[in-house]
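Please look through the model below before reading on. The paragraphs that follow lead from one local feature to the next.

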Amino acid sequence: MATPHVAGVCALLKSLHRNWSPAQIKSAVMTTALDLGEEAMTQGAGRIEALKAAEVGTFVVPSHLSFGLAGFTPLWTEADTVWVTNRSLQSQSFTISFDNLSSGISITANPSSFSLTQK
């Protein structure tokens, strides 16, 4: 039953913010979701928070990164780029960190902290 709820929130966001791209709508929904404390395959991004998504001013695209399945090769490296856009009326500071990584897995962000000026 999650699909109709998420589709409805996305339709509401598009009606409120006609200039938002599909990637920005996805970012707003995913980055404001409430973490339920479950595994990603159980909860996805979490429980959607429609009001928070409607008020977001910062977008992360892509809003989800996948580096494949671990355990198939002894040494594996992957790189990807995430774009962060600040459309709010104030400057924003960000710090990137990674929690709950399995043993033997390391992830780094470069830069690990940055600031974006206001719109």
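Helices (H or I, at least four residues) and strands (E, at least two) are DSSP runs, numbered from the N terminus. This is a predicted model, in which local features need pLDDT of at least 70 and side-chain atom pairs count only at pLDDT 80 or more, while totals for chains, interfaces and linings use all residues. Residues are numbered from 1 along each chain as its sequence is written, and side-chain values use heavy atoms, with hydrogens and water left out.

Consider the prolines first. P111 lies in the loop between strand 3 (92-95) and strand 4 (113-116), and the peptide bond that joins N110 to P111 is cis, with omega about 0 degrees. Another cis peptide bond, with omega about 0 degrees, joins V61 and P62. P62 is found in the loop between strand 1 (58-61) and strand 2 (83-86). As background, most peptide bonds are trans.

The next stop is helix 2, which spans residues 22-31. Buried means under 20% relative accessible area, exposed means over 50%, and partly exposed is in between (1.4 Å probe, protein chains only). The buried residues in helix 2 include Q24, I25, S27, A28 and V29. Among the elements that cover the buried residues of helix 2 are helix 1 (2-16), helix 4 (50-55) and strand 1; contact here means heavy atoms within 4.5 Å. A23 also lies in helix 2, but A23 counts as partly exposed because its relative accessibility is 34%. The C-alpha atoms of A23 and W76 are separated by 28 Å, and the two residues are 53 apart along the chain.

Which parts do the aromatic pairs tie together? Rings of Phe, Tyr and Trp (its six-membered ring) pair if their centres lie within 6.5 Å; planes under 30 degrees apart count as stacked, over 60 as edge-to-face and the rest as tilted. The structure holds two aromatic pairs. W20 and F59 form an edge-to-face pair, at 4.9 Å centre to centre and with 85 degrees between the planes. W20 lies in the loop between helix 1 and helix 2 and F59 in strand 1, so this pair ties together parts that are 39 residues apart in sequence. W20 is buried, because its relative accessible area is 5%, and F59 is buried, with a relative accessible area of 1%. The pair of F94 and F114 is stacked, because the ring centres are 5.1 Å apart and the planes are at 25 degrees. This pair links distant parts of the chain, with F94 in strand 3 and F114 in strand 4, 20 residues apart. F94 counts as partly exposed at 21% relative accessibility, and F114 counts as partly exposed at 21%.

Two loop residues remain. S88 is in the loop between strand 2 and strand 3, and S88 is buried because its relative accessible area is 13%. A polar contact is a pair of N or O atoms within 3.5 Å; within protein, one must be able to donate a hydrogen and the other to accept it, and residues adjacent in sequence count only if both atoms are side-chain atoms. The side chain of S88 makes such a contact with the side chain of N86 at 2.6 Å, and a polar contact of 3.4 Å joins the side chains of S88 and Q92. L101 is in the loop between strand 3 and strand 4, and L101 is partly exposed, with a relative accessible area of 37%.
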